[in-house]
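Me: Hey, I'm new to this one. Can I ask you a few quick things while we look at it together?

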Amino acid sequence: MTDFPAPHVPVMMEEVIAFLQLRGDGIYVDMTAGAGGHSERIAASLTKGRLIAIDRDKEAVALTCRRLSPYPAATVVRANYSELKQILERLSIPAADGILLDAGVSSMQIDTAERGFSYLKEGPLDMRMDSDEALDAATWLQGTTSRELEQVLREFGDVGPVRRIARSISLRRDQGKLQTTTDLAEAIREALNHVVPNPTELRQVFQAVRMAVNNELNHLKTGLEQASTLLAPGGRLVVISFHSGEDGVVKTLFRKLTRPQVELRPDGRILKRTAPAFKAVTGRPVQPGPDEIERNSRAKSARVRVIERLATETSGEKEKTNG
Ligand SMILES: C[S@@+](CC[C@H](N)C(=O)[O-])C[C@H]1O[C@@H](n2cnc3c(N)ncnc32)[C@H](O)[C@@H]1O
């Protein structure tokens, strides 16, 4: 197996692989191939099975293609995972035995200054995961009012002094001084009166802008909904999230899928109750151990949630009519 440098070590590898319960003849989908670390472990365990590794990032796809070239069972697709249904249809794959989604941005993207994801590296205000998309961070910031920016910082960044930061960014933009990641970082520092050189707000604001530019939570919601419909009986959906907004999307969907569906009459009485098609494999989200966090600080905020499609969808299905 390829030895990749430390920053590209996949997060929670052993937990993810254990949760996927890989079978040599199984069909697996990695919705976020990134540097191909999880994908390679899956591909290496296949005998007659298949792996579909997806990423919207051109460079991630190129790297994963190289990394998976020794494994004929693997197919790499450049696409947005919100199109999972069409991707599998095109490949004539009706269902998968396991699907992995490792959300957010990769170390590779963060570490490449020209991609504009990092407040620690000077680069253009880009932040696009898919460089063929028209909307980059500079364009997004140009077309966003201070109010809208506030809203995004509140929603995606968990940022404290949103108003001051949003105003400072808008002011710089209006003065024509918002061209690079350094300019954006400076606007944030100015809003906070330079009390500390690298306040946590830098990470939070960059994260919020990135999530807005890439429409991340909407794609996550669509991608997970599609993934859940494409699991074979007994198949598992394993999701790693790094942000409370991401984890909220996962938690809400998983809760809905693992609870009985209740249809109500107009008077509020239960008309029909359908048993859930999934069971929760993880109750509370699973977090990385202290050793992994020490080796890889990026793992610190990781949370894994897993659901499993019940063996036969109708096995537990009972229709109950009230009155
Ligand atoms: C955390 S990294 C995945 C790392 C990977 N598990 C590994 O082993 O290297 C997340 C990846 O998801 C990709 N990604 C994020 N949103 C996506 C989307 N909507 N569609 C496809 N890929 C996406 C990013 O481009 C990035 O490469």
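Me: What percentage of the 323 residues in the chain is buried?

Reply: Buried residues come to 44% of the 323 in the chain. Keep in mind that this is a predicted model.

Me: And what is the chain built from, in helices and strands?

Reply: There are 13 helices and 9 strands in the chain.

Me: How does the radius of gyration of the chain sit with a compact globule?

Reply: It agrees: a compact globule of 323 residues would have a radius of gyration near 20 Å, and the chain has 21 Å. The C-alpha trace spans about 65 × 60 × 40 Å along its principal axes.

Me: What about contacts, how many join residues at least 24 apart?

Reply: That's 65% of the contacts between residues at least 6 apart in sequence.

Me: OK, switching to the ligand. Which residues are closest to it?

Reply: Pro10, Thr32, Gly34, Gly37 and Asp57 are the closest, out of 20 residues that surround the ligand. Helix H2 (37–44) and strand S2 (50–55) are the elements that give two or more residues to that shell.

Me: What classes of residue are in the shell?

Reply: The shell around the ligand has 10 polar, 6 nonpolar and 4 charged residues.

Me: Tell me about H2 then. Which of its residues are buried?

Reply: Gly37, His38, Ser39, Glu40, Ile42 and Ala43 are. With 6 of its 8 residues buried, H2 is largely enclosed by the rest of the structure.

Me: What do those buried residues pack against?

Reply: They pack against H1, strand S1 (27–30), S2, H3, S3 and strand S4 (96–102).

Me: And S2, how many of its residues are buried?

Reply: In S2 it's 5 of the 6, so that strand is also largely enclosed by the rest of the structure. S1 and S2 run parallel and are joined by 4 bridges. In that pair, aspartate 30 stands opposite alanine 53 in S2.

Me: You mentioned H3. Which of its residues are buried?

Reply: Helix H3 covers residues 58–68, and its buried residues are Ala60, Val61, Leu63, Thr64, Arg67 and Leu68. They sit on the same side of H3, because they cover an arc of only 165° around the axis.

Me: Why would residues three or four places apart point the same way?

Reply: An α-helix has 3.6 residues a turn, so residues with that spacing point the same way.

Me: What covers the buried residues of H3?

Reply: The cover includes H2, S2, strand S3 (74–78) and helix H5 (107–111).

Me: New topic: how do S6 and S7 pair?

Reply: Strand S6 (residues 261–264) and strand S7 (residues 270–274) pair in the antiparallel sense, over 4 bridges. Valine 262 stands opposite arginine 273 in S7.

Me: What's in the turn between them?

Reply: S6 and S7 form a hairpin with 5 residues between them, and glycine 268 in the turn has a positive phi of about 95°.

Me: Last one: is glutamate 294 buried or exposed?

Reply: Glutamate 294 is exposed, because 11 other C-beta atoms lie within 10 Å and the cut-off for exposed is 12 or fewer. Glutamate 294 lies in helix H13 (residues 290–295).

Terms used: Residues are numbered from 1 along each chain as its sequence is written. This is a predicted model: local features need pLDDT of at least 70, side-chain atom pairs count only at pLDDT 80 or more; totals for chains, interfaces and linings use all residues. A residue is near a molecule or strand if its C-beta atom, placed from the backbone, lies within 6 Å of it. Ala, Val, Leu, Ile, Met, Phe, Trp, Tyr, Cys and Pro count as nonpolar, Asp, Glu, Lys and Arg as charged, and the others, Gly among them, as polar. A residue is buried if 20 or more other C-beta atoms lie within 10 Å of its own, exposed if 12 or fewer, and partly exposed in between; C-beta atoms are placed from the backbone. The radius of gyration is taken over C-alpha atoms; the globule rule is 2.2 Å times the number of residues to the power 0.38. Two residues are in contact if their C-beta atoms, placed from the backbone, lie within 7 Å. The arc is that of the directions from the helix axis to the C-beta atoms. Two strands pair if DSSP finds at least two bridges between them.
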